[in-house]
Amino acid sequence: MKLISMLSACGLLTISSVAASAAPFKLEKTYSDIFGGGGNESLRIVNTGTPNLDARVRAGGFRVTDTTNNIDLIAWCVDIAHSLTLKGLYEITSAPFSNTFSFSQSQKDNIASLFETAYRDLDLTNNSQSAGFQLALWEITNETSGTLDVENGTFSTVASMGAVDAANGFLDNLGGPVIQSYKVNYYESLGYKNGTRFSQNLVSVTPVPLPAAGLLLGCGLAGLYLTGRRKKS
């Protein structure tokens with residue numbers, strides 16, 4: 001029975017996954033508070049580039065729900081030009097962003113590396129870590145000086161040392177060993193008030209599982225191992 005169960009499970013792994021729909025979807029707050037009890041911090045951000053900004057904000061991971069597909073997720077702000085307005089209509093884009101400022105390939109690579117090197121072990125309930133991760137994303141997407149440091153440059157913050165140290169630690173580790181691979185999903189606001197105003201553009205990720213070939217190889221080896229044990233018994 002163990003052999004049958006193992007091979008049945010492996011057979012399921014050969015079924016191709018359904019591609020994510022490119023159709024527009026609605027995002028809403030999962031809880032009355034956008035952070036849903038997760039870590040966050042009130043801090044000041046200053047951007048002397050475009051958009052020019054000096055504001056006090058709360059930084060952390062947003063708890064939102066894709067009500068079109070009934071999916072809860074944690075999303076992060078990558079757009080300081082707009083305020084978050086939910087309920088909102090969004091779509092996934094591979095070319096962020098057409099409604100505001102586009103990202104360079106270097107920026108997209110750094111965003112991917114930030115998730116790959118830091119996100120798996122991030123304590124989303126910790127204020128400093130959650131705020132620090134958000135600050136790191138803002139630094140990547142807004143800094144133009146060539147040096148990624150949330151205390152200096154065209155983008156900077158006045159925040160707790162815990163959040164600052166966390167952010168700069170994440171940034172220092174960009175390009176380091178991959179802890180977990182992710183598919184990066186950029187959520188572009190489709191606007192409201194007849195498309196004349198936009199909510200914040202967001203980013204979220206989904207873990208990338210072991211490639212199908214690797215899974216099938218593992219299942220094949222497991223099947224051979226169990227067959228061998230059965231013959232010996």
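These legends describe close-up views of a predicted model.

**View 1. Confidence along the chain.** The mean pLDDT of the chain is 86. A value of 70 or more is reached by 79% of its residues. Residues 1-21 stay under 50 in pLDDT. For this stretch the model has 13 contacts beyond four places in sequence. Residues 224-233 also stay under 50, and here the model has 5 contacts beyond four places in sequence. Where pLDDT is low, the predicted coordinates should not be read in detail.

**View 2. A closed barrel of 6 strands.** The strand order is β1-β4-β5-β9-β8-β6, with antiparallel pairing. Direction ignored, neighbouring strands of this sheet are turned by 45° against each other on average. β8 pairs with strand β9 (residues 202-207) in the antiparallel sense, over 6 bridges. Within that part of the sheet, Asn185 has Ser204 of β9 as its bridge partner.

**View 3. Two helices packed on the sheet.** Helix α2 touches β5 (71-77), β8 and β9. The direction of α2 makes about 125° with that of β8. Helix α3 (residues 127-142) touches β5 and β9. The direction of α3 makes about 60° with that of β5.

**View 4. Strand β4, covered on both faces.** Phe62, Val64 and Asp66 lie on one side. Arg63 and Thr65 lie on the other. β4 pairs with β1 in the antiparallel sense over 3 bridges, and Thr65 of β4 is the bridge partner of Glu28. β4 also pairs with β5, again in the antiparallel sense, over 5 bridges. There, Val64 has Leu73 of β5 as its bridge partner.

**View 5. The hairpin of β4 and β5.** The hairpin has 4 residues between the strands. Asn70 takes a positive phi near 55° in this hairpin.

**View 6. Phe25 and Tyr187, an edge-to-face pair.** The structure holds 13 aromatic pairs. In this one, the ring centres of Phe25 and Tyr187 are 5.4 Å apart and the planes stand at 80°, so the pair is edge-to-face. Phe25 and Tyr187 are both buried.

**View 7. Tyr119 and Tyr182, from helix to strand.** The rings of Tyr119 and Tyr182 have centres 5.8 Å apart and planes at 75°, so this pair is edge-to-face. Tyr119 belongs to helix α2 (residues 105-119) and Tyr182 to strand β8, so the pair ties together parts that are 63 residues apart in sequence. Tyr119 counts as buried because its relative accessibility is 12%, under the 20% limit. Tyr182, at 13% relative accessibility, counts as buried too. Both rings belong to a cluster linked by ring pairs: Trp76, Phe115, Tyr119, Phe133, Phe170 and Tyr182.

**View 8. The surroundings of Ser42.** Ser42 lies in strand β2 (residues 40-47). Ser42 is partly exposed, with a relative accessible area of 40%. Neighbours within four places in sequence aside, Ser42 is in contact with Arg56, Val57 and Arg58. Ser42 and Val57 are 15 residues apart in sequence, and their C-alpha atoms are 5.6 Å apart in space. A polar contact joins the side chain of Ser42 to the side chain of Arg56 (3.3 Å).

Key:
Residues are numbered from 1 along each chain as its sequence is written. Side-chain values use heavy atoms; hydrogens and water are left out. Rings of Phe, Tyr and Trp (its six-membered ring) pair if their centres lie within 6.5 Å; planes under 30 degrees apart count as stacked, over 60 as edge-to-face and the rest as tilted. Buried means under 20% relative accessible area, exposed over 50%, partly exposed in between (1.4 Å probe, protein chains only). Contact means heavy atoms within 4.5 Å. A polar contact is a pair of N or O atoms within 3.5 Å; within protein, one must be able to donate a hydrogen and the other to accept it, and residues adjacent in sequence count only if both atoms are side-chain atoms. pLDDT is the predictor's confidence in each residue, from 0 to 100. Two strands pair if DSSP finds at least two bridges between them. Axes are lines fitted to C-alpha atoms, for helices over the stretch in contact, and angles run from 0 to 180 degrees between N-to-C directions.
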